[in-house]
Amino acid sequence: MYGHLAVFDFDSTLTVKEVGDYDVADCIERVFGGEKRFQIIKQLFQELGVSNVTIVICSFNSHDVIQRALHESGLDCFVCKIWGWESFFHLPESKKSLVLEPFILEFNFSHVVFVDDSADNCRDIQNNLISTFTNVVFVSEKGGMNLVHCGRVMQWLETTKTDIAAAPLPSLLDIV
Ligand SMILES: [Mg+2]
């Protein structure tokens with residue numbers, strides 16, 4: 001059993017824009033909006049990591065672009081799994097709940113936080129992810145997560161922390 005799961009959207013949630021192939025080469029600047037903001041995201045991942053929270057990314061961008069951006073920035077060591085648009089190809093609808101629900105059930109996560117800049121995705125999770133209670137953090141501001149959203153994720157962790165017992169799933173680096 002894995003206790004806590006943090007699900008992040010990629011484009012304009014972790015990133016400051018819709019990320020294309022060409023952005024990856026200058027990753028810190030073009031994907032994360034510069035060193036200062038990148039460190040905020042990295043620190044959040046570090047803090048979740050030391051608290052045994054499993055971190056996954058669920059996005060409609062391509063798996064390859066996301067994986068390369070994480071690798072270039074060194075964030076890949078914190079991330080356990082990436083769902084890109086390819087993961088939704090065979091599904092009846094492009095709904096994030098449809099890939100997250102089986103994953104949560106398979107690994108028996110008891111606490112989930114979902115961070116996304118799309119109101120539709122947040123609504124989908126609120127309405128259709130029924131396996132466990134999910135805290136939804138809606139990134140309504142343009143330009144992706146900031147300190148306020150990171151604070152909400154840490155608040156979720158603090159309020160549910162006493163239940164953390166199990167180790168997180170291995171990171172991408174452990175699997176490769
Ligand atoms: Mg997005």
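This is a predicted model: local features need pLDDT of at least 70, side-chain atom pairs count only at pLDDT 80 or more; totals for chains, interfaces and linings use all residues.

User: Happy to start with a helix. Which exposed residues sit on the face of α3 turned away from its buried side?

Analyst: That face carries E35, K36 and V50. A residue is buried if 20 or more other C-beta atoms lie within 10 Å of its own, exposed if 12 or fewer, and partly exposed in between, with C-beta atoms placed from the backbone. Helices (H or I, at least four residues) and strands (E, at least two) are DSSP runs, numbered from the N terminus. Residues are numbered from 1 along each chain as its sequence is written.

User: Which residues of α3 are buried, and what puts them on the same side?

Analyst: The buried ones are F38, I41, L44, F45 and L48. They cover an arc of only 125° around the axis, the arc being that of the directions from the helix axis to the C-beta atoms, so they lie on the same side of α3. As background, an α-helix has 3.6 residues a turn, so residues three or four places apart point the same way.

User: What do these buried residues pack against?

Analyst: Their partners are β1 (4-8), α1 (10-14), α2 (27-30), β2 (53-58), α4 (63-73) and α7. Two residues are in contact if their C-beta atoms, placed from the backbone, lie within 7 Å.

User: How do you know that the span of α3 agrees with its number of residues?

Analyst: The expected span is 1.5 Å times one less than the number of residues. For the 16 residues of α3 this gives 22 Å, and the end C-alpha atoms are 22 Å apart, so the two agree. Just after α3, N52 takes a positive phi of about 65°.

User: What makes a nonpolar core, and how many residues has the largest one here?

Analyst: A nonpolar core is a set of buried Ala, Val, Leu, Ile, Met, Phe, Trp, Tyr and Cys residues joined through C-beta atoms within 7 Å. The largest has 47 residues, and A6, V7, V113 and V115 have the most contacts inside it. Helix α3 (residues 35-50) gives the largest share of this core, 5 residues. Leaving out residues up to four places away in sequence, A6 touches L48, V53, I55, V113 and V153.

User: Why is S171 called partly exposed, and where is S171?

Analyst: S171 has 19 C-beta neighbours inside 10 Å, which lies between the cut-offs, so S171 counts as partly exposed. S171 is in the loop between α7 (147-160) and α8 (172-175). Its C-alpha lies 7.2 Å from that of D76, although the two are 95 residues apart in sequence.

User: Why is N108 called exposed?

Analyst: N108 has 12 other C-beta atoms within 10 Å, and the label needs 12 or fewer, so N108 is exposed. N108 is found in the loop between α5 (96-107) and β4 (111-116) and has a positive phi of about 60° although it is not a glycine.

User: Where is confidence lowest, and where highest?

Analyst: pLDDT is the predictor's confidence in each residue, from 0 to 100. The mean is lowest in α8, at 64, and highest in α1, at 98. The protein chain averages 92.
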